[in-house]
Amino acid sequence: MPRLEERWWSCPCSPGVKPGSESGRLPSKAAEAMSAVSSVLRGLRAAGLVRRGLVLFTVGVLLALVLNLLQTPRNVSLFPEEVVAPLFSSAWWIPPCCGTAAAFVGLLYPCIDSHLGEPHKFKREWASVMRCIAVFVGINHASAKLDFANNVQLSMTLAALSLGLWWTFDRSRSGFGLGITIAFFATLITQFLIYNGVYQYTSPDFLYIRSWLPCIFFSGGVTVGNIGRQLAMGGTEKPHSD
């Protein structure tokens, strides 16, 4: 009997030998697998962020070219001849700056929504986004084409149109707040550029700029924000019924 007991306790398959050796390997392998999965997910998120940023940059450049072509015949803004690019009919730096701003704003909107814990789902479909872009281009075109007795009437009209764009395609508090913030800082930057002689507006009535320019910045921020939100959602969500 003593020999049998000795053989039993000395058996390599007995759970008494090297206690916890197998159970110690399993958690380590699971941790390695989880680490690999998380690194892959981080890589995919980074790749998606870069892709969305490039799309938004391209959209910003295209919008800058289109909107500038609409306003050029009325000579709303004037640039020094040495910086004017014949291809753009404006300063060469305008399209890349607008593209960079569009990428920043378009990526900021979904980040703010996620931070606030209020995912935006109102009219989330590409058809609605395209209509929003068309309305924004129309508002910008109206700023150059409509003739009013004074700029105050034009500014009030464009402000109403810009608020209508936000109410029709956004209706979120975060979208309204970001639109106001973007309009404020973009107006300050424009005032700074004009003050330093980079370019100028014809017939300024609000310090160095036209009084309706903040309305264009507001509606542009809402429009680019909607594009950024739709790209972040991947176009998989159904439109919100309202």
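Tutor: We can. Start with Thr-187. Setting aside neighbours within four places in sequence, Thr-187 is in contact with Phe-206, Ile-209, Pro-214 and Phe-217. Keep in mind that this is a predicted model.

Student: Where is Thr-187 placed, and is Thr-187 buried or exposed?

Tutor: Thr-187 sits in helix 6. Its relative accessibility is 8%, so Thr-187 counts as buried. The cut-off for buried is under 20%.

Student: Phe-217 was among those contacts. Which residues does Phe-217 contact beyond its neighbours within four places in sequence?

Tutor: Phe-217 belongs to helix 7. With those neighbours left aside, Phe-217 is in contact with Ile-182, Ala-183, Ala-186, Thr-187 and Thr-190. Take one of them, Ile-182. Phe-217 and Ile-182 are 35 residues apart in sequence, yet 6.8 Å apart in space, C-alpha to C-alpha.

Student: How does the accessibility of Phe-217 read?

Tutor: Phe-217 has a relative accessible area of 22%, so it is partly exposed.

Student: What about helix 7 as a whole? How many of its residues are buried?

Tutor: Helix 7 is mostly covered, with 17 of its 21 residues buried. Helix 7 reaches 30 Å from first C-alpha to last, close to the 30 Å expected at 1.5 Å a residue.

Student: Next, the faces of a helix. What is the general idea?

Tutor: An α-helix has 3.6 residues a turn, so residues three or four places apart point the same way. Now apply that to helix 5. Helix 5 covers residues 151-169, 19 residues in all, and spans 27 Å from first C-alpha to last, close to the 27 Å expected.

Student: Which residues of helix 5 are buried?

Tutor: Leu-154, Ser-155, Leu-158, Ser-162, Leu-165, Trp-166 and Phe-169 are buried in helix 5. They cover an arc of only 110° around the axis, which puts them on the same side of helix 5. Turn to the other side of helix 5, and Val-152 and Met-156 are exposed.

Student: What covers the buried residues of helix 5?

Tutor: The cover includes helix 4 (126-145), helix 6 (173-195) and helix 7 (213-233).

Student: What follows helix 5?

Tutor: First the general idea. Most residues other than glycine have a negative phi. Helix 5 is followed by Arg-171. Arg-171 is not a glycine, although its phi is positive, about 65°. Arg-171 lies in the loop between helix 5 and helix 6. Its relative accessible area is 33%, so Arg-171 is partly exposed.

Student: And aromatic rings? How do I describe a pair?

Tutor: A pair of aromatic rings is described by the distance of the centres and the angle of the planes. The count here is five aromatic pairs. In one of them, the rings of Trp-166 and Trp-167 have centres 6.0 Å apart and planes at 55°, so the pair is tilted. Trp-166 is buried, at 14% relative accessible area, whereas Trp-167 is partly exposed, at 48%. Then take Phe-184 and Phe-185. Their ring centres are 5.3 Å apart and their planes are at 80°, so this pair is edge-to-face. Phe-185 is partly exposed, with 48% relative accessible area.

Student: Which residues form a cluster with Trp-166 and Trp-167?

Tutor: Phe-176 and Phe-218 do; the four form one aromatic cluster.

Student: One last residue. Where is Glu-125 placed?

Tutor: Glu-125 is in the loop between helix 3 (94-116) and helix 4. Its relative accessibility is 27%, so Glu-125 counts as partly exposed. Now compare sequence with space. Glu-125 and Asn-226 are 101 residues apart along the chain, and their C-alpha atoms are separated by 9.7 Å.

How values were computed
Residues are numbered from 1 along each chain as its sequence is written. This is a predicted model: local features need pLDDT of at least 70, side-chain atom pairs count only at pLDDT 80 or more; totals for chains, interfaces and linings use all residues. Side-chain values use heavy atoms; hydrogens and water are left out. Helices (H or I, at least four residues) and strands (E, at least two) are DSSP runs, numbered from the N terminus. The expected span of a helix is 1.5 Å times one less than its number of residues. Buried means under 20% relative accessible area, exposed over 50%, partly exposed in between (1.4 Å probe, protein chains only). The arc is that of the directions from the helix axis to the C-beta atoms. Contact means heavy atoms within 4.5 Å. Rings of Phe, Tyr and Trp (its six-membered ring) pair if their centres lie within 6.5 Å; planes under 30 degrees apart count as stacked, over 60 as edge-to-face and the rest as tilted.
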